[in-house]
Amino acid sequence: MADQELILDEDSRDLYQELLNVAMGRAADMLARLLNTFIELPIPKVNLIARSELDMALASAAGKKNVSAVCQGFMGDAISGEALLLLTDADINDLITLGGIGDQDSRNELELLMDTANILIGACLKGFSEQLDIHLTQSQPEVLGHHQPIERLLNPQTSWTQALAIEIRYRLENRAANIELLLLFTSGSLEIINNKAQYLLE
Amino acid sequence: MKILICDDSSFARKQVLRALPPQLGQEIQQAQHGEEALTIIRRNEADLTFLDLTMPVMDGYTTLEHIQSENLNTLVIVISADIQPEAQQRVQKLGAMDFIKKPVTQDKIIEVLSKFGLLTQEET
(Lines give C-alpha, C1' and ligand atoms only; values in the text may rest on other atoms or scores of the structure.)
Protein backbone atom coordinates (compact mmCIF):
# COMPACT_ATOMS: atom_id res chain seq x y z
CA MET A 1 0.00 0.00 0.00
CA ALA A 2 1.32 3.41 -0.95
CA ASP A 3 2.39 5.58 1.92
CA GLN A 4 1.62 8.95 0.41
CA GLU A 5 1.03 11.79 2.88
CA LEU A 6 -2.68 12.49 3.13
CA ILE A 7 -4.33 15.88 3.41
CA LEU A 8 -7.97 16.33 4.29
CA ASP A 9 -9.33 19.71 3.23
CA GLU A 10 -12.68 21.07 4.43
CA ASP A 11 -14.49 20.31 1.16
CA SER A 12 -13.41 16.67 1.25
CA ARG A 13 -14.33 16.29 4.90
CA ASP A 14 -17.74 17.77 4.14
CA LEU A 15 -18.16 15.44 1.16
CA TYR A 16 -17.31 12.25 3.09
CA GLN A 17 -19.53 13.32 5.95
CA GLU A 18 -22.50 13.78 3.62
CA LEU A 19 -21.91 10.60 1.60
CA LEU A 20 -21.77 8.62 4.84
CA ASN A 21 -24.71 10.50 6.29
CA VAL A 22 -26.88 9.20 3.46
CA ALA A 23 -25.38 5.71 3.65
CA MET A 24 -25.74 5.34 7.40
CA GLY A 25 -29.32 6.59 7.26
CA ARG A 26 -30.25 3.59 5.16
CA ALA A 27 -28.36 1.27 7.49
CA ALA A 28 -30.11 2.74 10.53
CA ASP A 29 -33.50 2.26 8.90
CA MET A 30 -32.80 -1.45 8.44
CA LEU A 31 -31.52 -1.85 11.99
CA ALA A 32 -34.52 0.03 13.35
CA ARG A 33 -36.79 -2.47 11.61
CA LEU A 34 -34.80 -5.45 12.93
CA LEU A 35 -34.86 -4.19 16.52
CA ASN A 36 -38.21 -2.44 16.33
CA THR A 37 -36.85 0.73 17.86
CA PHE A 38 -35.89 4.25 16.82
CA ILE A 39 -32.23 4.88 16.05
CA GLU A 40 -30.78 8.31 16.69
CA LEU A 41 -28.54 9.32 13.82
CA PRO A 42 -25.27 11.01 14.71
CA ILE A 43 -23.14 13.27 12.55
CA PRO A 44 -20.35 11.08 11.17
CA LYS A 45 -16.88 12.05 12.35
CA VAL A 46 -14.32 12.17 9.56
CA ASN A 47 -10.63 12.18 10.35
CA LEU A 48 -7.30 11.15 8.97
CA ILE A 49 -5.90 8.67 11.36
CA ALA A 50 -2.55 7.05 11.95
CA ARG A 51 -2.28 3.42 12.96
CA SER A 52 -1.17 4.27 16.47
CA GLU A 53 -4.06 6.74 16.89
CA LEU A 54 -6.58 4.11 15.88
CA ASP A 55 -5.20 1.71 18.46
CA MET A 56 -5.50 4.36 21.15
CA ALA A 57 -8.94 5.52 20.04
CA LEU A 58 -10.32 2.00 20.09
CA ALA A 59 -8.81 1.26 23.47
CA SER A 60 -10.19 4.42 25.06
CA ALA A 61 -13.59 4.06 23.41
CA ALA A 62 -13.97 0.68 24.96
CA GLY A 63 -12.60 1.70 28.34
CA LYS A 64 -12.13 -1.32 30.51
CA LYS A 65 -15.20 -3.11 29.30
CA ASN A 66 -15.10 -6.21 27.21
CA VAL A 67 -15.73 -5.64 23.57
CA SER A 68 -16.83 -7.67 20.61
CA ALA A 69 -15.91 -6.54 17.14
CA VAL A 70 -16.75 -7.67 13.67
CA CYS A 71 -14.53 -6.60 10.83
CA GLN A 72 -15.16 -6.83 7.13
CA GLY A 73 -12.91 -5.77 4.28
CA PHE A 74 -14.24 -4.17 1.12
CA MET A 75 -12.80 -3.31 -2.27
CA GLY A 76 -13.67 -2.40 -5.83
CA ASP A 77 -12.94 0.25 -8.46
CA ALA A 78 -9.55 0.96 -6.85
CA ILE A 79 -11.24 1.79 -3.54
CA SER A 80 -10.51 -0.40 -0.57
CA GLY A 81 -10.85 -0.40 3.15
CA GLU A 82 -12.08 -2.06 6.27
CA ALA A 83 -15.32 -1.77 8.21
CA LEU A 84 -15.31 -2.39 11.93
CA LEU A 85 -18.31 -2.79 14.20
CA LEU A 86 -17.66 -2.43 17.91
CA LEU A 87 -20.02 -3.42 20.72
CA THR A 88 -19.49 -3.74 24.44
CA ASP A 89 -21.10 -6.64 26.29
CA ALA A 90 -23.64 -4.22 27.76
CA ASP A 91 -24.59 -3.08 24.25
CA ILE A 92 -25.05 -6.68 23.16
CA ASN A 93 -27.34 -7.33 26.13
CA ASP A 94 -29.43 -4.34 25.09
CA LEU A 95 -29.67 -5.68 21.55
CA ILE A 96 -30.65 -9.11 22.84
CA THR A 97 -33.47 -7.58 24.88
CA LEU A 98 -34.74 -5.61 21.92
CA GLY A 99 -34.19 -8.44 19.46
CA GLY A 100 -36.44 -10.65 21.55
CA ILE A 101 -33.87 -13.34 22.10
CA GLY A 102 -34.92 -14.70 25.46
CA ASP A 103 -32.05 -16.81 26.67
CA GLN A 104 -28.60 -15.42 26.36
CA ASP A 105 -26.78 -18.46 25.09
CA SER A 106 -23.65 -17.53 23.27
CA ARG A 107 -24.67 -18.90 19.90
CA ASN A 108 -27.60 -16.51 19.73
CA GLU A 109 -25.41 -13.69 20.92
CA LEU A 110 -22.97 -14.37 18.15
CA GLU A 111 -25.76 -14.57 15.60
CA LEU A 112 -27.14 -11.23 16.72
CA LEU A 113 -23.68 -9.70 16.53
CA MET A 114 -23.19 -11.04 13.00
CA ASP A 115 -26.70 -9.99 11.92
CA THR A 116 -26.13 -6.47 13.22
CA ALA A 117 -22.77 -6.30 11.48
CA ASN A 118 -24.13 -7.64 8.21
CA ILE A 119 -26.98 -5.16 8.18
CA LEU A 120 -25.06 -2.09 9.24
CA ILE A 121 -21.89 -2.68 7.26
CA GLY A 122 -23.72 -4.03 4.21
CA ALA A 123 -26.30 -1.25 4.02
CA CYS A 124 -23.77 1.43 4.74
CA LEU A 125 -21.37 0.27 2.03
CA LYS A 126 -24.23 -0.20 -0.41
CA GLY A 127 -25.55 3.30 0.23
CA PHE A 128 -22.07 4.71 -0.12
CA SER A 129 -21.20 2.91 -3.35
CA GLU A 130 -24.57 3.56 -5.00
CA GLN A 131 -24.14 7.31 -4.61
CA LEU A 132 -20.76 7.15 -6.32
CA ASP A 133 -21.87 4.57 -8.87
CA ILE A 134 -19.12 2.14 -7.92
CA HIS A 135 -19.24 -1.54 -7.09
CA LEU A 136 -17.71 -2.77 -3.85
CA THR A 137 -17.30 -6.39 -2.95
CA GLN A 138 -17.13 -7.40 0.69
CA SER A 139 -15.03 -10.12 2.21
CA GLN A 140 -16.44 -12.56 4.74
CA PRO A 141 -17.08 -10.82 8.05
CA GLU A 142 -14.86 -11.96 10.88
CA VAL A 143 -15.50 -11.81 14.58
CA LEU A 144 -12.37 -10.28 15.98
CA GLY A 145 -13.08 -10.64 19.62
CA HIS A 146 -15.91 -12.15 21.51
CA HIS A 147 -15.64 -11.28 25.18
CA GLN A 148 -11.98 -10.65 24.65
CA PRO A 149 -10.07 -7.78 26.18
CA ILE A 150 -9.70 -4.92 23.70
CA GLU A 151 -5.95 -5.38 23.39
CA ARG A 152 -6.56 -8.63 21.57
CA LEU A 153 -8.53 -6.81 18.89
CA LEU A 154 -5.63 -4.60 18.09
CA ASN A 155 -3.39 -7.25 16.63
CA PRO A 156 -4.17 -6.69 13.02
CA GLN A 157 -2.84 -8.48 10.02
CA THR A 158 -3.37 -5.58 7.67
CA SER A 159 -0.53 -3.19 6.96
CA TRP A 160 -1.17 0.51 6.76
CA THR A 161 0.15 3.60 8.47
CA GLN A 162 -2.48 6.25 7.68
CA ALA A 163 -6.10 6.05 6.58
CA LEU A 164 -9.31 8.01 6.40
CA ALA A 165 -11.48 7.04 9.34
CA ILE A 166 -15.21 7.67 9.48
CA GLU A 167 -16.77 7.05 12.86
CA ILE A 168 -20.50 6.58 13.21
CA ARG A 169 -21.98 6.11 16.65
CA TYR A 170 -25.59 5.02 16.51
CA ARG A 171 -27.67 5.44 19.63
CA LEU A 172 -30.77 3.41 20.34
CA GLU A 173 -33.49 5.67 21.68
CA ASN A 174 -34.23 5.15 25.41
CA ARG A 175 -31.37 2.66 25.70
CA ALA A 176 -27.80 2.99 26.83
CA ALA A 177 -26.51 1.02 23.87
CA ASN A 178 -24.15 2.64 21.40
CA ILE A 179 -23.30 0.86 18.21
CA GLU A 180 -20.04 2.09 16.87
CA LEU A 181 -19.23 1.65 13.21
CA LEU A 182 -15.81 2.58 11.94
CA LEU A 183 -15.03 2.73 8.24
CA LEU A 184 -11.40 2.94 7.21
CA PHE A 185 -10.50 3.90 3.66
CA THR A 186 -6.97 3.38 2.36
CA SER A 187 -5.04 6.43 1.27
CA GLY A 188 -5.23 5.43 -2.40
CA SER A 189 -9.04 5.41 -2.30
CA LEU A 190 -9.50 9.07 -1.53
CA GLU A 191 -8.58 10.63 -4.85
CA ILE A 192 -10.94 8.25 -6.62
CA ILE A 193 -13.82 9.03 -4.26
CA ASN A 194 -13.21 12.77 -4.75
CA ASN A 195 -13.24 12.43 -8.54
CA LYS A 196 -16.38 10.33 -8.59
CA ALA A 197 -18.15 12.77 -6.29
CA GLN A 198 -17.55 15.69 -8.64
CA TYR A 199 -20.00 14.11 -11.07
CA LEU A 200 -22.71 14.44 -8.45
CA LEU A 201 -22.46 18.22 -8.57
CA GLU A 202 -22.34 18.60 -12.35
CA MET B 1 -40.72 32.75 -3.94
CA LYS B 2 -38.11 33.22 -1.22
CA ILE B 3 -36.21 29.98 -0.63
CA LEU B 4 -34.05 28.86 2.30
CA ILE B 5 -31.79 25.81 2.19
CA CYS B 6 -30.66 24.62 5.63
CA ASP B 7 -28.06 21.84 5.86
CA ASP B 8 -24.76 21.61 7.70
CA SER B 9 -23.10 20.09 4.64
CA SER B 10 -22.14 22.47 1.84
CA PHE B 11 -22.09 19.48 -0.51
CA ALA B 12 -25.70 18.70 0.42
CA ARG B 13 -26.72 22.36 -0.02
CA LYS B 14 -25.15 22.34 -3.48
CA GLN B 15 -27.09 19.19 -4.33
CA VAL B 16 -30.36 20.89 -3.34
CA LEU B 17 -29.43 24.08 -5.21
CA ARG B 18 -28.83 22.27 -8.46
CA ALA B 19 -32.03 20.26 -8.03
CA LEU B 20 -34.26 23.31 -7.62
CA PRO B 21 -36.43 23.95 -10.67
CA PRO B 22 -35.57 27.36 -12.19
CA GLN B 23 -39.22 28.48 -11.92
CA LEU B 24 -38.67 28.95 -8.19
CA GLY B 25 -36.55 31.99 -8.92
CA GLN B 26 -33.22 33.16 -7.62
CA GLU B 27 -34.08 34.45 -4.16
CA ILE B 28 -32.21 31.71 -2.32
CA GLN B 29 -30.51 31.89 1.07
CA GLN B 30 -28.53 29.22 2.86
CA ALA B 31 -28.11 28.29 6.51
CA GLN B 32 -25.78 25.80 8.17
CA HIS B 33 -27.97 24.88 11.13
CA GLY B 34 -31.35 25.51 12.71
CA GLU B 35 -30.40 28.69 14.58
CA GLU B 36 -29.19 30.37 11.40
CA ALA B 37 -32.33 29.21 9.64
CA LEU B 38 -34.62 30.60 12.36
CA THR B 39 -32.95 34.02 12.15
CA ILE B 40 -33.77 34.15 8.45
CA ILE B 41 -37.29 32.74 8.89
CA ARG B 42 -38.12 35.19 11.70
CA ARG B 43 -37.29 38.04 9.32
CA ASN B 44 -39.93 36.63 6.97
CA GLU B 45 -37.27 35.94 4.38
CA ALA B 46 -38.19 32.34 3.64
CA ASP B 47 -41.52 31.35 2.10
CA LEU B 48 -40.21 27.83 1.63
CA THR B 49 -37.52 26.09 3.71
CA PHE B 50 -35.67 22.92 2.74
CA LEU B 51 -34.56 21.56 6.11
CA ASP B 52 -32.05 18.84 7.03
CA LEU B 53 -32.56 16.94 10.31
CA THR B 54 -29.12 15.88 11.57
CA MET B 55 -27.21 19.10 12.20
CA PRO B 56 -24.96 20.55 14.91
CA VAL B 57 -25.99 23.56 17.07
CA MET B 58 -29.70 23.04 16.38
CA ASP B 59 -31.13 20.02 14.60
CA GLY B 60 -34.12 19.93 12.29
CA TYR B 61 -36.58 18.60 14.88
CA THR B 62 -35.89 21.50 17.25
CA THR B 63 -36.06 23.96 14.36
CA LEU B 64 -39.51 22.62 13.45
CA GLU B 65 -40.64 22.95 17.07
CA HIS B 66 -39.66 26.63 17.02
CA ILE B 67 -41.38 27.26 13.71
CA GLN B 68 -44.51 25.68 15.17
CA SER B 69 -44.49 27.29 18.63
CA GLU B 70 -43.54 30.76 17.35
CA ASN B 71 -46.06 30.41 14.54
CA LEU B 72 -43.43 31.38 11.98
CA ASN B 73 -44.33 31.99 8.42
CA THR B 74 -42.62 29.38 6.25
CA LEU B 75 -43.47 26.11 4.57
CA VAL B 76 -41.01 23.34 5.40
CA ILE B 77 -39.90 20.40 3.29
CA VAL B 78 -37.52 18.12 5.20
CA ILE B 79 -34.67 16.65 3.17
CA SER B 80 -32.94 14.00 5.24
CA ALA B 81 -30.90 10.83 5.20
CA ASP B 82 -32.90 9.61 8.19
CA ILE B 83 -35.39 7.48 6.33
CA GLN B 84 -36.87 5.65 9.32
CA PRO B 85 -40.67 5.79 9.02
CA GLU B 86 -40.70 7.08 12.61
CA ALA B 87 -38.57 10.08 11.58
CA GLN B 88 -41.01 10.96 8.80
CA GLN B 89 -43.98 10.70 11.17
CA ARG B 90 -42.25 12.88 13.74
CA VAL B 91 -41.46 15.71 11.33
CA GLN B 92 -44.96 15.67 9.89
CA LYS B 93 -46.38 15.92 13.40
CA LEU B 94 -44.10 18.92 13.86
CA GLY B 95 -45.67 20.61 10.89
CA ALA B 96 -43.37 19.71 8.01
CA MET B 97 -45.23 19.69 4.73
CA ASP B 98 -43.39 16.74 3.26
CA PHE B 99 -40.29 14.58 3.51
CA ILE B 100 -37.71 13.91 0.78
CA LYS B 101 -35.05 11.23 1.12
CA LYS B 102 -31.44 12.11 0.42
CA PRO B 103 -29.83 12.24 -2.06
CA VAL B 104 -32.32 14.69 -3.50
CA THR B 105 -33.26 14.76 -7.19
CA GLN B 106 -34.93 17.47 -9.26
CA ASP B 107 -37.76 15.10 -10.21
CA LYS B 108 -38.59 14.53 -6.56
CA ILE B 109 -38.56 18.24 -5.71
CA ILE B 110 -40.80 19.02 -8.68
CA GLU B 111 -43.13 16.18 -7.66
CA VAL B 112 -43.48 17.50 -4.11
CA LEU B 113 -43.84 21.16 -5.11
CA SER B 114 -46.46 20.25 -7.70
CA LYS B 115 -48.38 18.18 -5.17
CA PHE B 116 -48.82 21.27 -3.02
CA GLY B 117 -49.52 23.59 -5.94
CA LEU B 118 -46.29 25.51 -5.43
CA LEU B 119 -45.16 25.16 -9.00
CA THR B 120 -47.81 27.04 -10.90
CA GLN B 121 -47.75 28.12 -14.53
CA GLU B 122 -47.52 31.80 -13.57
CA GLU B 123 -44.11 31.22 -12.15
CA THR B 124 -42.64 29.76 -15.31
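1. Aromatic pairs: in this predicted model, the count of aromatic pairs over all chains comes to two. In one of them, the rings of Phe74(A) and Phe185(A) have centres 5.3 Å apart and planes at 70 degrees, so this pair is edge-to-face. The pair links distant parts of the chain, since Phe74(A) belongs to strand 3 (residues 67-76) of chain A and Phe185(A) to strand 8 (residues 178-186) of chain A, 111 residues apart. Phe74(A) and Phe185(A) are buried.

2. Phe128(A) lies in helix 4 (residues 106-132) of chain A and Phe185(A) in strand 8 of chain A, so the pair ties together parts that are 57 residues apart in sequence. Phe128(A), like Phe185(A), is buried, and Phe74(A), Phe128(A) and Phe185(A) form one aromatic cluster.

3. Extent of the interface: 23 residues of chain B are in contact with 23 residues of chain A, and the area buried between the two chains is about 1,900 Å², of which carbon and sulfur atoms give 58%. On the side of chain B, the residues that lose the most area to chain A are Phe11(B), Thr54(B) and Gln84(B), together 32% of what that side buries.

4. Helix 1 (10-19) and helix 4 (85-93) of chain B each give two or more residues to the side that touches chain A, and helix 1 of chain B gives the most, with six residues. The residues of that side divide into 10 nonpolar, five polar and eight charged.

Conventions: Residues numbered from 1 in each chain as written. Chains lettered and ligands numbered in written order. Predicted model: local features only at pLDDT ≥ 70, side-chain atom pairs only at ≥ 80, totals over all residues. Heavy atoms only, no water. Contact = heavy atoms within 4.5 Å. Buried area = accessible area lost by both parts, 1.4 Å probe. Helix = DSSP H or I, 4+ residues; strand = E, 2+ residues; numbered from the N terminus. Nonpolar A, V, L, I, M, F, W, Y, C, P; charged D, E, K, R; others polar. Phe/Tyr/Trp six-rings, centres within 6.5 Å; stacked < 30°, edge-to-face > 60°. Buried < 20%, exposed > 50% of the residue type's maximum accessible area, 1.4 Å probe, protein only.
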